[in-house]
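User: Please examine the structure shown below and answer a few questions about it.

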Amino acid sequence: MRRVLIFSLTYHPFVGGAEVALKEITDRLPPSEFELEMITLRFDSNLPKVEKMGNVLVHRIGFSAPGAKVSDRSMPFLCKAAKVLFPITAYFKALSLDRKKHFDITWAMMANQAGFAALFFSASLKLRRTGKQVKYFLELQDGRPFAQMTDRQPLLRLLWPLYRMVYMKAAIIKCISTFIGTEVRSIGYRGPVRVIPNGVDMEKFSASVPQEQLDALKQKFNKQPGDVLLFTASRLVLSRGVEDVIQSLVALPAHVKFLIAGEGEDREKLEHIARQLDVFDRVIFAGYVSHDALPAHLKISDIFVRPSLIEGMGNAFIEAFAAGVPVIGTPVGGIPDFLFDPEKSREVDKSAQREPTGLFCEVQNPESIARAIKRYIDEPELRARIVENAKKLAAEKYDWSLIANDMREKIFNTL
């Protein structure tokens with residue numbers, strides 16, 4: 001039995017790609033082999049301090065407030081303070097848990113405050129256990145280049161020698177894309193790097209949805225016969241390129257509409273852009289949509305579009321693959337690992353034969369997005385070919401059961 005302590009700033013019900021990955025992977029690790037516990041921030045005081053979620057015993061710590069959100073702009077001051085203090089509070093919480101459990105492995109989700117907490121905990125146990133180190137591995141999902149991160153955060157430049165230790169002291173670094181793996185090597189990390197992508201629940205996203213449920217959603221969003229519904233699911237921040245899709249509507253027929261699932265600090269800006277361009281009646285802000293409800297939203301949609309400026313990988317693309325919805329994305333971060341557009345992909349091996357799995361558009365280029373959308377509308381045979389290829393790729397390479405098995409063999413069995 002291996003006892004694993006996970007450090008993560010956020011966890012369910014606050015869900016993003018990283019949180020989905022943690023849940024899907026840990027749910028598939030056999031309880032007979034792994035005892036899993038997690039330290040995360042509570043944020044919302046209505047949440048229990050301790051809760052069993054799937055195979056993980058979750059410990060929520062830190063200052064909290066009723067109904068608190070995790071968006072930095074709407075987060076109460078006490079919750080912001082809890083984020084800053086997490087390396088310290090999580091460290092002491094981990095020590096108290098370890099007195100009973102004696103953990104074997106620590107798992108840090110992201111090189112943020114969670115990474116610092118895992119680093120401090122692992123280092124202190126090496127001293128307490130007379131040289132026996134608790135191996136810690138770091139998981140990276142952020143697609144921002146290191147140069148961009150330090151340029152935008154002056155404090156990070158000052159703390160860079162300490163911040164770099166979060167990477168350098170990891171026994172293994174797991175990256176969800178080859179892009180992130182390359183970034184890790186660029187700062188001098190010479191230990192093992194394992195590229196294991198995020199995945200999709202194929203059964204959940206490829207399954208048919210009752211027609212009455214689909215009809216109710218179409219009615220809710222006023223999708224009329226003949227409408228082409230674009231869809232995206234993401235936090236509403238400008239780095240996701242949502243504003244570029246809104247701007248692309250100007251160059252598209254009036255029956256092309258845009259459904260946006262998600263909340264975020266830039267929603268008002270996006271609504272303002274839609275009004276300025278006189279396309280507000282074609283943009284549907286669905287607000288928060290639970291992960292369980294995403295398959296139905298994908299099934300009523302015609303094209304998934306996310307023209308990201310940065311992207312570690314993008315679980316939502318793979319979910320669209322599984323649901324049979326053709327995708328449009330930008331060739332940034334980890335997206336080229338799975339999205340192949342014969343006309344725009346840059347192949348290292350030109351002799352390699354790859355079937356198209358989507359269409360690329362250019363970063364911050366609404367006209368390019370509009371052109372890709374028109375291709376799907378005007379070329380049904382290309383659309384059908386891409387949907388078939390993408391669904392096959394998702395099943396063969398990105399099913400969560402395969403990902404969890406890779407985690408078991410390439411991470412846990414080597415620590």
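User: In which strand is Leu41 found, and is Leu41 buried or exposed?
Analyst: This is a predicted model, in which local features need pLDDT of at least 70, side-chain atom pairs count only at pLDDT 80 or more, and totals for chains, interfaces and linings use all residues. Residues are numbered from 1 along each chain as its sequence is written, and side-chain values use heavy atoms, with hydrogens and water left out. Leu41 belongs to strand β2, where helices (H or I, at least four residues) and strands (E, at least two) are DSSP runs numbered from the N terminus. Because its relative accessibility is 2%, and buried means under 20% relative accessible area, exposed over 50% and partly exposed in between (1.4 Å probe, protein chains only), Leu41 in β2 is buried.

User: Which residues does Leu41 contact beyond its neighbours within four places in sequence, and how far apart in space are Leu41 and Thr89?
Analyst: Contact means heavy atoms within 4.5 Å. Leu41 is in contact with Ser8, Leu9, Arg60, Ile61, Gly62, Ala82, Lys83 and Phe86, leaving aside neighbours within four places in sequence. Leu41 and Thr89 are separated by 48 residues in sequence, and their C-alpha to C-alpha distance is 9.7 Å.

User: Which backbone atom lies 3.2 Å from a polar atom of the Thr40 side chain?
Analyst: Thr40 is in strand β2 (residues 34–44) and is buried, with a relative accessible area of 1%. A polar contact is a pair of N or O atoms within 3.5 Å; within protein, one must be able to donate a hydrogen and the other to accept it, and residues adjacent in sequence count only if both atoms are side-chain atoms. The Thr40 side chain reaches the backbone nitrogen of Thr10 at 3.5 Å. The atom at 3.2 Å is the backbone oxygen of Leu9.

User: Which are the edge strands of the six-stranded open sheet?
Analyst: Two strands pair if DSSP finds at least two bridges between them. The sheet has the order β11-β10-β9-β12-β13-β14, with parallel pairing. Two bridges join β13 (residues 327–329) to β14, and Ile328 stands opposite Leu359 in β14. Each edge strand pairs on one side only, and these strands are β11 (283–287) and β14 (359–360).

User: How are helices α14 and α15 oriented to each other?
Analyst: The axes of α14 (residues 366–378) and α15 (residues 380–397) come within 5 Å and cross at roughly 100 degrees; axes are lines fitted to C-alpha atoms, for helices over the stretch in contact, and angles run from 0 to 180 degrees between N-to-C directions. Angles under 35 degrees count as roughly parallel, over 145 as roughly antiparallel, 65 to 115 as roughly perpendicular and the rest as oblique. The two helices, α14 and α15, are therefore roughly perpendicular.
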